[in-house]
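Okay, thanks for making time, everyone. Let me put it up on the screen.

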Amino acid sequence: METIRGSIYDYPKYYDVLFGADCAAEMRFLRDAFRRYARRRVRRVFEPACGTGRMLIRLSNAGYAVSGLDLNPKAVEYCNRRFLQAGKKPVAAVGDMTDFSLPRPCDAAYNAINSFRHVAEERGAVGHFRCMAEAVAPGGIYVIGLHLTPNRPPQCTEEAWVARRGMLQVNSLMRSLSLDRRKRRERVRLQFDVYTPRRCFRIVDEFDFRTYTAEQFSGLLRKAGGWEIVAVHDFRYDIDDVIPLDDYTEDAVFVLRRTDG
């Protein structure tokens, strides 16, 4: 099989097929979270690291005013093209989630699984939450999902899944290659096997994620200021299933609320 080595994010069509295949549970969860946890009516929603806009277009279709940013120009172009094709104005801009501002505060924000962990250093991580505190109005919420590093060997070091759209199929394999707790670095390999009627090929990417224990993530929020943890869920996206945050937590969907201070 032909192998292409490069950034997965430079192939938004295949990324969107894979990660856009099961958005219904996320949508239900977000709308439930807006109603349950926000102390203001949610009309405007912002997504840092919005990628292909898989969630933004669904939120827009549900009646929310949406906007997003992403570092990858190809992903932003893909996102804006899908809005134009739907007869809507483009909503995404190229930008850095650690250093940005919005022209108007939003009521809620959402960051998909592990996108935040691409921020490699503490300074950038603090900058992100400070920027988000300016972007989200008091009483609004920020839903952010990430895999935490438990104080034991991680239970899940490999994930594989398959998605289809028409005649296109994408098989994915994500594997943790190494974990350095001292340097707070996890090396990850992500592989897409792409099958079309005329071509089969593989895209391989390797990158580092910054690691967080539950304590380290909570400490980061205290350092940044402006946020309180109001609930923690997991990636089953069940609004009625609140999980504990402790040394053993791995899959975590945090619901943060913007404080007045």
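This is a predicted model: local features need pLDDT of at least 70, side-chain atom pairs count only at pLDDT 80 or more; totals for chains, interfaces and linings use all residues.

Residues are numbered from 1 along each chain as its sequence is written, and side-chain values use heavy atoms, with hydrogens and water left out.

How many salt bridges does the structure hold? The count is 22.

Let me pick out a few. Take aspartate 16 and arginine 82, whose side chains form a salt bridge at 2.9 Å, N to O. Aspartate 16 is in helix H1 (residues 12-19) and arginine 82 is in helix H4 (residues 73-85), so this pair ties together parts that are 66 residues apart in sequence. When I say helix or strand, those are DSSP runs numbered from the N terminus, with at least four residues for helices (H or I) and at least two for strands (E). Is arginine 82 buried or exposed? At 18% relative accessibility, arginine 82 counts as buried. Aspartate 16 counts as buried too, at 1%.

Next pair: aspartate 107 and arginine 40, with a salt bridge at 2.8 Å, N to O. Here again distant parts of the chain are linked, 67 residues apart: aspartate 107 is in strand E5 (residues 106-111), and arginine 40 is in the loop between helix H2 (24-37) and strand E2 (44-48). Aspartate 107 is buried at 6% relative accessible area, whereas arginine 40, at 34%, is partly exposed.

Then there's lysine 223 with glutamate 122, a salt bridge at 3.8 Å, N to O. Lysine 223 sits in helix H6 (residues 214-224) and glutamate 122 in helix H5 (residues 122-135), so parts 101 residues apart in sequence get tied together. Lysine 223 is partly exposed at 48%, and glutamate 122 is partly exposed at 24%.

Five strands make an open sheet, in the order E1-E10-E9-E8-E7, with mixed pairing. Two strands count as paired if DSSP finds at least two bridges between them. At the edges, pairing on one side only, are strand E1 (2-5) and strand E7 (158-165). E7 and strand E8 (residues 168-180) run antiparallel and are joined by eight bridges. As one example, alanine 160 has leucine 173 in E8 as its bridge partner.

While we're at this sheet, look at arginine 202, in strand E10 (residues 200-210). Arginine 202 is partly exposed, at 26% relative accessibility. Leaving aside neighbours within four places in sequence, arginine 202 has contacts (heavy atoms within 4.5 Å) that include Met1, Glu2, Thr3 and Ile4.

Now for a residue that does things another way: aspartate 70, in strand E3 (residues 65-70). Aspartate 70 is buried yet has no salt bridge. Where is the nearest side chain of opposite charge? That is arginine 54, 9.9 Å away; for charges, Lys and Arg count as positive and Asp and Glu as negative, with His and the chain ends not counted. What the side chain of aspartate 70 does reach is the backbone nitrogen of asparagine 72, at 2.9 Å.

Arginine 54 brings me to helix H3 (residues 54-61). Six of the eight residues of H3 are buried, so this helix is largely enclosed by the rest of the structure. The buried ones are Arg54, Met55, Leu56, Ile57, Leu59 and Ser60. They pack against H1, H2, E2, E3, H4 and E5. After H3 comes glycine 63, with a positive phi near 105 degrees.

That's my tour, so over to you.

Methods
A salt bridge is a side-chain nitrogen of Lys or Arg within 4 Å of a carboxyl oxygen of Asp or Glu. Buried means under 20% relative accessible area, exposed over 50%, partly exposed in between (1.4 Å probe, protein chains only). A polar contact is a pair of N or O atoms within 3.5 Å; within protein, one must be able to donate a hydrogen and the other to accept it, and residues adjacent in sequence count only if both atoms are side-chain atoms.
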